[in-house]
Amino acid sequence: MTDKVRLVPVPSKSMIPERDADKKPVLEVYNLGIEFGGLHAVEDFSIALGKTEISGLIGPNGAGKTTVFNLLTNVYTPTNGAIILDGKNTAGKSTHDVNKMGLARTFQNICLFSDMSVLDNVKVGLHNSIKYSSFEAVFRMPRYFKAEKEANEKAMELLSLFGLQDTAKVKAGNLPYGAQRKLEIARALATDPKVLLLDEPAAGLDPRGRDEILSRICEYRSKYGASVVMISHSMEDMARYCDRILVMNGGKVFMCGTCEEIFSEAERLESVGLAVPQITKLMLELKRRGFDVNTAVYTVDSAEAEVRRLLTG
């Protein structure tokens, strides 16, 4: 679960977590937008990401969330706006080049090499760091064996993070659904990203499965310092793991702030059809009935603090 976060301004007039204030934002996006046949699919999307930040992107279906990911990875060419990744403009770069610059993603629909082993799927993600030539590979030169040994060790380290080390030789297509989700994230992390984009990383899993995956992502972030942007339809997941939440509606950012700031206006979330945690619904109902309660309640801890305030107030 994320600690309480305070957002502070940076020179680009955006906000990042206070703990990252001494470092330049790893990703800065200015007025990003794209049109399809005159329709604004995304309009004026701007954000700066701190180097260790986890941000959540949420909104109703068709809000433009996945389109934002496609723009950030240059799958789509923006109609307007700029994307600065670790101080470098990504304009004109291929998707492969953007990945080498330090931006990786997963997809809502799992995309694995089903007939390859679990280990080899992760090693595919290590292609940016493997340092040997085709000649050295064909003739099995010493540098080839050294690089392969390092790749195997790194891949096994990532598999261990998600508890998949015992499935290394299993075909990826034979893994259960939850394990395939973990494998796709491990492969994305193998590219050693500065920014990781996760599109519904825990979709279709029960609460325990979601917590297992998302806690491992937080563990990786804490150890290696990557920034994460996560699309999810679960407000509970956003509340537990994100430093900041961006709410999209109709291709635009509808709300943006810390979890506490967002949930303090829970009525606005409901107005665009988003489901809020049950504990927040309870506080909203109490407020509607005239009780002086804080609706920025979204975890057991925040509910306990609010109840204590009411009892002593």
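I looked up the lining of the largest cavity in this predicted model, and I found Leu27, Phe45, Ile47, Leu49, Leu57, Val68, Phe69, Leu72, Val229 and Leu246 around the space. The elements that contribute two or more residues to this lining are β4 (39–49) and α1 (65–72). I sorted the lining residues by type and got ten nonpolar, no polar and no charged, around a space of about 50 Å³.

I then searched the whole structure, which gave two cavities of 30 Å³ or more.

Staying with helix α7 (residues 207–224), I turned to Tyr220, which counts as buried because its relative accessibility is 3%. Leaving out residues up to four places away in sequence, I listed its contacts as Leu158, Leu161, Leu189, Asp192, Pro193, Gly225 and Ala226. From Tyr220 to Phe69 I read 21 Å, C-alpha to C-alpha, across 151 residues of sequence.

Last, I checked helix α12 (residues 300–312), whose 13 residues reach 18 Å from first C-alpha to last, close to the 18 Å expected at 1.5 Å a residue. Its buried residues are Ser302, Ala303 and Glu306; seen down the axis of α12, they fall within an arc of 100° and so line one face of the helix. These buried residues pack against α11 (278–288), whereas Val300, Asp301, Arg308, Leu311 and Thr312 are exposed on the other side of α12.

Technical notes: Residues numbered from 1 in each chain as written. Predicted model: local features only at pLDDT ≥ 70, side-chain atom pairs only at ≥ 80, totals over all residues. Heavy atoms only, no water. Helix = DSSP H or I, 4+ residues; strand = E, 2+ residues; numbered from the N terminus. Buried < 20%, exposed > 50% of the residue type's maximum accessible area, 1.4 Å probe, protein only. Contact = heavy atoms within 4.5 Å. Expected span 1.5 Å × (residues − 1). Arc of directions from axis to C-beta. 1 Å grid on protein atoms, 1.4 Å probe; cavity = no way out; pocket = protein on both sides within 12 Å on 5 of 7 lines; lining within 4 Å. Points joined across faces, edges and corners; volume = space filled by probe spheres on them. Nonpolar A, V, L, I, M, F, W, Y, C, P; charged D, E, K, R; others polar.
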